[in-house]
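Open the structure in a viewer and keep the selection panel at hand. The stops below go from one interface to the aromatic rings.

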Amino acid sequence: MKPFARDTWIEIDLDAIASNVQALRRHIPSHTQIMAVVKADGYGHGSTTIAKEALSNGASRLAVAALDEALVLRRAGITAPILVLGYTPIEAITNAIHENIELTVYHVDWVEEAARLLQAEGGHLALHVKVDTGMGRIGVREEEEVLKLVERINSSAGIEWAGIFTHFACADEEDTTHVTEQHVRFQQLLTVLKEAGNMLPLVHCNNTAAAILFPEWGYDLIRLGIGLYGLYPSLYVKQQGRVTLTPALSLKSRIAHIKTLPQKASISYGATYYADSNEQIATVPIGYGDGFSRQLSNRGSAIWSGKRVPIVGRVCMDQIMLSIPEGTANVGDEVVLYGRQGQEEISLDEIATLLGTINYEISCMLNYRIPRVYVRNGQYVGICHGIANNFLQESRKKAGI
Ligand code: UAH
């Protein structure tokens, strides 16, 4: 018996996650650590399982966007260093102190408030200084400001200057002008800090794209996000063929209803599709309520019996309809929405292109309603998520996972 009621699930191939970390490990300098970026619930793959798999295969650190995400990892028993890449409100830092979570800092006022809190309450806080070399979001920009910030950190009891980093805006592009300018600016700031007598802490700048294209900029660590999940940051990076990545995520469901419709029978809201005579229409339980975009109405497809079949009519909140032109479909037949079946594949890149976005958004969109099932060596080894949790305890036992 499977451990969830609705026949729609995400399969995550842990062997692919392991192989992707190992591929980057081989590609970057041996002294450069890997920080696995598992924000947004591991880009939709489930943060705790992905974090553990990455740590077992060559990553030594983790990063998330928000402190709450770091606390989820600690609650799962993960003790590796975790960096919060985004803003942390001062009133929340007590949690970071108690749970030994590293924070990002980019303003001297924040350090002063943190120092006051530490003076009153005691404890230790490790900070990474974020410098804005051309991304234009959080980060200190001017040399004097960076120097002032570092000075304030170094003179504050209980605060450790643990790292300095920047983030590239255009590392995945063929035109290297912008990324090179950002790197030069980063190097200049590091030189200014060294000339002012500072010993540099952990230095890092490379995301997946830069780690693949500029491994020589590895410094102390890379922040590996999209590549961990087996996806390339852009078609350009993929085409360079420098590192082989394996996608980890598949989205699957099963036919819930099958019927043969007469000519001109309409399908779904808005009656945007009319059946041909004797058209076989399969209903599949997935929809925009799961993060399967309504933009795929009359445009997307699925794989059934190793063949592509079109989505007909509008994607509903919980259901879609497929036209099965050849062959006999049955209730319970497996349908692949993203991933492979037989020789056919629907990649996240294909869906991203169809929707005018990037693969990152496609996996992040898949929400809590779909259980994540983890697979190793072709065997189910775990499950997490959402509404399936209600069903879990007893059915997990029955399913033996
Ligand atoms: C600051 C920061 C991010 O916001 C994201 C990442 C990971 O990027 P990729 O997914 O492109 O590797 C690193 N650092």
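Begin where the two domains meet: 5 residues of domain 1 are in contact with 5 residues of domain 2, contact meaning heavy atoms within 4.5 Å. This is a predicted model, in which local features need pLDDT of at least 70 and side-chain atom pairs count only at pLDDT 80 or more, while totals for chains, interfaces and linings use all residues. Residues are numbered from 1 along each chain as its sequence is written, and side-chain values use heavy atoms, with hydrogens and water left out.

To colour the domains, select 14-228 for domain 1 and 249-370 for domain 2; these bounds come from an automatic or database domain assignment. Their centres, taken over C-alpha atoms, are 39 Å apart.

Next, show the surface between them. About 470 Å² is buried there, 71% of it from carbon and sulfur atoms (accessible area, 1.4 Å probe, that two parts lose on being put together, summed over both). Select Tyr 43, His 45 and Ile 226: these three supply 76% of the area that domain 1 buries against domain 2.

How many salt bridges cross the interface of domain 1 and domain 2? The rule (a side-chain nitrogen of Lys or Arg within 4 Å of a carboxyl oxygen of Asp or Glu) finds 0.

Finally, select Tyr 43 again, together with Tyr 229 and Tyr 360; they form one aromatic cluster. The whole structure has 6 aromatic pairs, counted for rings of Phe, Tyr and Trp (its six-membered ring) with centres within 6.5 Å; planes under 30 degrees apart are stacked, over 60 edge-to-face, and the rest tilted.
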